[in-house]
Amino acid sequence: MGHWLIDTAGIGSIIVFVVGFSTLGAYVYMLRWIQTAAPEPAPESAESAIEAGGEAA
Amino acid sequence: MDIAYRESKLEQTVLEPLRRTSWQFYVVIGVLGIVFAWGVVLLVRQWILGLGVTGLGRPIYWGIYLTNFVFFIGISHAGTLISAILRVTQAEWRRPITRIAEAITFFALILGLLQIWFDMGRPERVYYPFIWGRFQSPFLWDFTCIGVYLLSSTLYLYLPMVPDLARMRDHMADSPAWRRWLYGFLSFGWHGGHEQHRRLEKAIGIMAILIIPIAVSVHTVVSWIFGMTMQPMWHSTILGPYFVVGAIFSGIAMLFVFMTLIRKAWHLEQWIGPKQYDYLGLLLLVMSAFWAYFTFAEYLTTGYGTLVHEAEVLQAKISGEYAPWFWTMVVLNLIVPFAILLWRKGRTPVGTFIASLSIVIGMWIERFTIVAPSLTRPSLGFEHAIYAPTITEVAITAGSVAFFAILFLLFFKIFPAISVWEVEEGEEIKAIQRKVEELVHQGAV
Amino acid sequence: MARWGMVIDLDKCFACQSCTAACRMENNTPPAGPDQSHRDRTILWNEVRPFVEGEYPNVTMTFLPRPCQHCDNPPCVHVCPVKATYINEEGLVLVDYDRCIGCRFCTVACPYQVRYFNWYQPEWPEELKEHLNPDPEVAPRPKGVVEKCTFCVQRLRKAREEAEAEGRPFQATDFVPACVQTCTGHARYFGDLDDPESLVSQLAASPRAFRLQEEMGTQPKVYYLKQG
C-alpha cells in the first residue's frame, strides 16, 4: 500500500492539493477571524491607557 | 490631504515614494527593463528551438537554471529569518526592516519557481505534475513544501500590512482612485479596535512560529533533489542542513543589499540605522561561520575517505577546472565578510553592503559548484565532461534578477517600505520603558 | 510474464559497433552531426564505450557495449515526477513520450548515463529519411523529451501479435532486440531471466558474469561475461 501511494501517478497531485488547500483554508479562516473582531475604540495613546488603567485600579 | 490628520515624519518619508516618482527611478526601471527584455527574448528563442541553445549536454543535464532555482529559493529565507525568528525572540530592532525582508521572500519564491519552468524540455506541460504527480519524486515534495511556503509567506507579508493599508485608505486622500480602492479592498474593513489588534498580533505571532519549520522544510527538500540521487558528492547526508544554513546566509545578505539600496533611494536613514547594520552584520558573520563549518565538514569527510568517484569530484573542485570557482567562493563567503564585519567600524551601511554583495555572488557560485562538478564526473564516466554555459543561460539569469528587482521596486511604489504601525508601536514601547525607568528611579514605583 | 534480460560476452565482442548502428536504424534515433556531437548531444541508445582500468603503465582497456541496463530497482523511475518513465510487468523500463515534461531528473539520477534528451527537434539528412523504421512505436520523438533503449519493445509487441495471429503460444525466443540480432561476433544474448532453462539465465549464473556498478543496488538486468 505504501508503495502504491508513492508510485501511482496522480496520488502525488492529490497530496499537493490536499495540503495546499487545507493551508489556504486555514489562512482564510484566520483572516476572517481578524476581520470579524468587534469594533471598539482603541486607546488614544499609551499614556491615556496607563491613566485609564490607573483609574480602574 | 486630510486636513485634520497630521502625518508624522515617518509617514511622510515612507509615503513619499508612493506619491512622487523621481527621474532616477524611471532610469533604473528602464535599465532593468532592458535586461529583463533581453532575458525574455532569449527565453522565447529557447522555447522555439529547444534546450539545445544552452551549454548543457550529456551527462551535464542540469546547470545554470537549477543553480538559479536553488539560489532564489535560498534567498527566500530572508523574510523567514529576519521577520519570523527576530519576532519570536522579540528583537525590537527588526521593526523597520521586516517588510523589506518579507517582500524579498515573496518575490524570490516566485523567481525560484520560474527557473524550474525555464529548465523544462516541454514547458507547456508544466501543469502535468499537478495531474499525474508521483509522490516518490523529490519534485513533488518541492511542490508541496514550496506551495505551503508561498501561501504562508504571502499571508505573512500581508498581515502586518493591514493596519498601514487601513491608515492609507483613511488618510491618503491625494492618491488616485484605484489606489484608494486597492487599499480599501486589502484592508478588509480594518477598524483598528482593541480586539481586532489583539487578533492580528496573535495571528502574526502564530505565523511567525509556523513559518520557521515550513522554511526549513523548503530548503531541505530542495537539497534532496540532489541528495536522493547517487551522484558523487550529491548523495550526502549533510545536504539538507547545509542548504538551510546557506539559504539563511544568502537571504540575510540579499536583504542587506536591497535594504541599503532602498534606504539610500528613499531617505529612510533615520529609521534603518546603525543598530540594524550592527546587529544584522553580526548575524551575517555568525552565518558565515556556520556556512564555513558545514562546508569544511563536508569537504574534509569527502577528502579523507577513499571513495574513488567522490574523490574525483572533490579534485575537480579543489584543484581541477572548478578550482577558480571554488576558491573565489571561499574568499567571497568567508574572507571578505570576516575582514569587513569583524570590526564595528566595518558594520556600516557601506561596509555591510560590500560584504553582502560579496556573499550574494559567493553563494550563487556555491550553488553552481554543487550542481555542475558532480555531473562532469559520473561514476561510470569514461571521460570528464565540460560544461560551458551559453549566452542564453546568462541572459535568462540576468533577466530573472532584473525581473526580481523590478517586481520588488514596483511593489514598494504602491505599498510603504517600512511597517509604520510596528515602528510606532516600537517607539511607544520604548517610551513606556523609559517612563517606567524614570518612575523607578524616582522611587515612585 | 517474462523478465527480460541480456548477457554480453566481452570475450566475443570486438567493438565493431554494428549493434550501435542497428539500434539507430531500428529505433529512429536522430544523427547529431559533428557540431552537436562535440557538445555531447549524440543520442545512441546503445553505445560501445571504451572502459579503461588501472593507471599507466598497467592499463587494461575493454570495450563495453552499453544499452540501458533495465534495472529492477531503477533510480530513474523513482525520481520521475509524472511517471513518464516506468517499469512494466516484464521488467522493461520505458518512457511515455507524451507524458514526459523534460525535467531531466531521470537522466541525472541514472548512474549509467543511458538516458538521452532531445535538445532540438530531431532532424535527418534526406538520404536517411527514406530509411526510417515505419513502426509507430518508434516514431521520431519531439524536442524536449527523454528517450532511451527499450530492449526493442516494438519487436516484442510485433512478435506477440504474430504469435497470436498464427495461433501459437508466444515464446521468449520469438523476439530479440536489433543489437542482439545484428551482433557480428554473436556476443549478445537475450531472453527470460525468470526461466531457469533459458540461455541468459544460465550465462548470468556463470562465474564470469558480472554487472556494472552492482554496489549501487540498482539490480541491472544486463550481465557481462568477463574477458579472459
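Predicted model: local features only at pLDDT ≥ 70, side-chain atom pairs only at ≥ 80, totals over all residues.
Local features need pLDDT of at least 70 and side-chain atom pairs count only at pLDDT 80 or more, while totals for chains, interfaces and linings use all residues; side-chain values use heavy atoms, without hydrogens and water. Residues are numbered from 1 along each chain as its sequence is written, and chains are lettered from A and ligands numbered from 1 in the order in which they are written.

## The interface

Between them, chain B and chain C bury about 3900 Å², with 57% of this on carbon and sulfur atoms. Buried area here is the accessible area (1.4 Å probe) that two parts lose on being put together, summed over both. The rule finds two salt bridges across the interface of chain B and chain C. A salt bridge is a side-chain nitrogen of Lys or Arg within 4 Å of a carboxyl oxygen of Asp or Glu. The side chains of C:Arg104 and B:Asp119 form a salt bridge, at 2.7 Å from N to O.

Polar contacts across the interface of chain B and chain C amount to 31 residue pairs, both residues at pLDDT 80 or more. Such a contact is a pair of N or O atoms within 3.5 Å; within protein, one must be able to donate a hydrogen and the other to accept it, and residues adjacent in sequence count only if both atoms are side-chain atoms. Helices (H or I, at least four residues) and strands (E, at least two) are DSSP runs, numbered from the N terminus.

## Backbone features

C:Arg104 and C:Cys152 have positive phi values without being glycine. Buried means under 20% relative accessible area, exposed over 50%, and partly exposed in between (1.4 Å probe, protein chains only).

In chain B, a cis peptide bond with omega of about 5° joins B:Arg58 and B:Pro59. B:Pro59 lies in the loop between H2 and helix H3 (64-75) of chain B.

## The sheet in chain C

Four strands of chain C form an open sheet with mixed pairing, in the order S8-S1-S10-S9. Its edge strands, S8 and strand S9 (209-210) of chain C, each pair on one side only. Two strands pair if DSSP finds at least two bridges between them.

Strand S1 (residues 4-9) of chain C is largely enclosed by the rest of the structure, because six of its six residues are buried. In a regular strand the side chains alternate between the two faces of the sheet. C:Trp4, C:Met6 and C:Ile8 point one way from S1(C), and C:Gly5, C:Val7 and C:Asp9 point the other way.

S1(C) runs antiparallel to strand S8 (residues 188-192) of chain C, with five bridges; C:Met6 has C:Phe190 as its bridge partner in S8(C). With strand S10 (residues 222-225) of chain C, S1(C) pairs in the parallel sense over four bridges. In S10(C), C:Tyr223 stands opposite C:Val7, and C:Tyr224 is the bridge partner of C:Ile8.
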